[in-house]
Amino acid sequence: MDAAALQAFLEASVRLGAPLALAALGETISERAGVINIGLEGSIIGGALGGALGALLTGSPGAGVLAGAMAGTAIAGVFALFAITLNADQIIVGTAVTLGGLGITGVVYQSVFGATGTALTLPTLPALPLPGLSALPALGPALFSQAWTTYLAYLLAPALWYYLFRTRWGLELRAVGEEPTAADAAGIRVRRTRVLAVLGAGFLAGIAGAHLALAHAGTFAEGMSAGRGFIAIAVVVLGRWNPLLVLLASLFFGAASALQFELQAVFANVPYQLLLAFPYLLTLAALAGWIGRSRAPAALARPWPPRSGE
Amino acid sequence: MIRQLLRPRLRSRRIGPLAAGVVALLAATLLAAAGLALAGYDPAAAGRALVSGAFGSWERFASITLVRATPLILTGLAVALAFRAGVWNIGAEGQLYAGAVAAVWVGLTFPGAPAWLLLPGAMAAAAVAGGLWTLVPVGLKLRAGVGEVITTILMNFVAIHTVAWLVHGPLQEARGVFPQTDPVALAARLPRLGSGRLHAGFPVAVVLAGALWWLLRHSAWGFRVRAVGASIRAAAVSGRIHTGRVVLGAFLLSGMLAGLAGGVEVAGVTFALYENLSPGYGYTAIAVALLAGLNPLAVLLAAGFFGVLQAGAAAMQRDVGVPAVWVSAIEALVILAVVAADRFLRRGMAGKGGG
């Protein structure tokens with residue numbers, strides 16, 4: 001691989017890793033509060049469509065990102081209503097939210113753009129080279145000549161780490177995820193904490209979706225989230241529920257996804273459909289090799305209040 | 001939610017699940033109609049198109065609706081069994097594809113074999129392949145403690161890309177034009193029932209539903225499955241149940257049922273393998289199983305309901321222009337309505353603060 005190809009590979013790694021990082025950082029917070037949201041995929045696809053429509057209507061990709069964030073939050077709101085307010089099972093509600101998100105975005109897309117789907121061209125988020133940093137050798141352009149949503153992920157990782165492990169609010173949120181009954185007894189509002197964490201995660205997943213449509217593709221396609229919500233949940237496990245490690249794990253998976261394009265060039269005889277399966281296989285392998293050393297929040301996926309006697 | 005579904009004794013036995021299902025369906029139908037009206041379609045016309053598309057004639061009902069319901073029964077049984085055992089198998093879609101690949105491979109590789117051997121062989125291969133496709137999630141769950149929710153979903157993506165590779169590469173038709181396999185040998189196809197497209201897979205699925213119901217309700221194995229699903233800790237503490245073995249068995253059997261769904265679809269409907277063979281049967285199966293309250297006999301009704309929806313959706317798109325993807329939004333509505341109705345019923349029975 002020559003210098004230019006390496007440059008392109010690193011740039012693609014960060015570009016593909018950024019939406020994963022945004023979604024996974026949000027999911028880290030909601031899982032730390034004891035909520036696993038399989039509906040993250042629904043928020044991402046909602047964010048992608050919201051971002052596309054918002055950018056198209058206003059002509060501004062920035063407004064598109066905001067619209068995507070709102071769409072992602074709204075979809076997470078449905079999850080929160082059923083999984084937290086009604087205290088139904090998180091896995092089932094999350095599955096329904098993902099199905100519904102994929103279905104409704106398909107319906108909206110087809111009714112706006114027609115069943116065949118015209119090739120949609122959107123105003124895209126431009127790369128914003130950071131002065132100085134982007135001139136660093138090798139990693140500079142890859143890390144610091146990206147859309148601003150990528151920088152948001154860089155800033156959020158340390159900010160969320162500080163929030164989780166160095167502030168009182170973060171401690172309370174973790175208490176809700178570990179021992180909700182004890183947290184409740186200590187006066188922490190368990191449901192409100194969880195709802196806010198889930199909405200925040202939906203907001204970030206919506207930005208991740210908008211990033212896919214506006215910084216990557218410049219278009220929207222049905223099902224374009226392509227399982228990123230599920231990979232993001234696996235990334236949270238690999239990052240051991242620690243925002244800094246989650247950011248690193250996301251970039252690692254971005255590199256794995258970017259690698260498939262490199263592998264296509266190098267191993268022209270390996271069919272590309274198999275290379276498309278590579279990120280999913282790598283995720284499985286990483287989960288197999290890694291999980292023993294990490295521990296999920298104790299109350300993860302448990303209903304609260306507990307349903308004793310039911 | 002699942003834990004509650006597992007404990008029918010605690011709800012009023014006759015009315016509870018049925019009422020929840022009916023209320024949920026009514027609510028989902030109303031919401032779906034409201035959504036259509038909001039999107040600018042005529043809900044009444046859409047409803048008429050749906051009903052005539054699914055029930056217009058016996059021919060249409062058998063050839064389209066029941067044919068659509070068949071893979072939903074089998075995958076619905078797969079999900080219901082897994083959830084009963086407390087196993088979150090979200091991977092029926094991938095297991096279905098694994099079964100379809102195996103059935104096609106057998107059907108293409110032994111074209112000279114007699115039907116009495118080839119057809120059962122292909123179906124057995126499909127079931128085994130579906131079971132094998134669960135091995136990675138099973139192994140990760142039992143050996144490494146990795147939850148099966150994410151791993152089964154990841155395996156779905158692996159299956160879909162593997163199928164894409166197979167139909168573009170090693171299994172592509174001899175002409176090499178389309179990304180699909182050649183049709184399987186006649187001897188590997190399921191016989192048709194009557195003059196329409198209804199095939200023998202449908203009665204087989206109905207019989208399997210009855211068998212699974214009996215097993216879960218009346219066999220010692222079924223008791224162990226239900227015990228593990230109700231509380232794996234309690235089952236382990238009892239000292240009489242090898243919980244790992246029960247989980248393994250239920251997971252494998254669940255995968256085999258989903259794999260068989262793929263085999264039946266190939267041998268009864270498509271005769272060849274191609275991408276997007278399944279319009280998400282493995283995901284719809286979750287809605288089917290939940291609507292059925294995880295009861296294998298009720299799975300027949302729930303799968304019939306979604307068969308009607310899917311058959312009707314095609315007519316709805318043709319006649320009224322409603323995008324057929326609307327069905328997956330309705331599936332989501334049904335799941336949410338079922339869990340909500342279940343929660344409300346439960347709260348109502350337990351009194352205030354019991355929820």
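Where is the place of B:N276 in chain B?

**View 1. B:N276 in a loop of chain B.** B:N276 sits in the loop between α12 (243-270) and α13 (281-291) of chain B. This is a predicted model, in which local features need pLDDT of at least 70, side-chain atom pairs count only at pLDDT 80 or more, and totals for chains, interfaces and linings use all residues. Residues are numbered from 1 along each chain as its sequence is written, chains are lettered from A and ligands numbered from 1 in the order in which they are written, and side-chain values use heavy atoms, with hydrogens and water left out. Helices are DSSP runs (H or I, at least four residues), numbered from the N terminus. Phi of B:N276, a residue other than glycine, is positive, near 60°. With a relative accessible area of 64%, B:N276 is exposed (over 50%; buried is under 20%, partly exposed in between; 1.4 Å probe, protein chains only).

View 2. A:A301 is not a glycine, yet its phi is positive, about 70°. Its relative accessibility of 29% makes A:A301 partly exposed. A:W304 and A:P305 are joined by a cis peptide bond, with omega about 0°.

**View 3. Helices α3 and α14 of chain B.** α3 (residues 43-55) packs against α14 (residues 296-320) at about 125°, with the axes 7 Å apart. Axes are lines fitted to C-alpha atoms, for helices over the stretch in contact, and angles run from 0 to 180 degrees between N-to-C directions.

Key:
Helix = DSSP H or I, 4+ residues; strand = E, 2+ residues; numbered from the N terminus.
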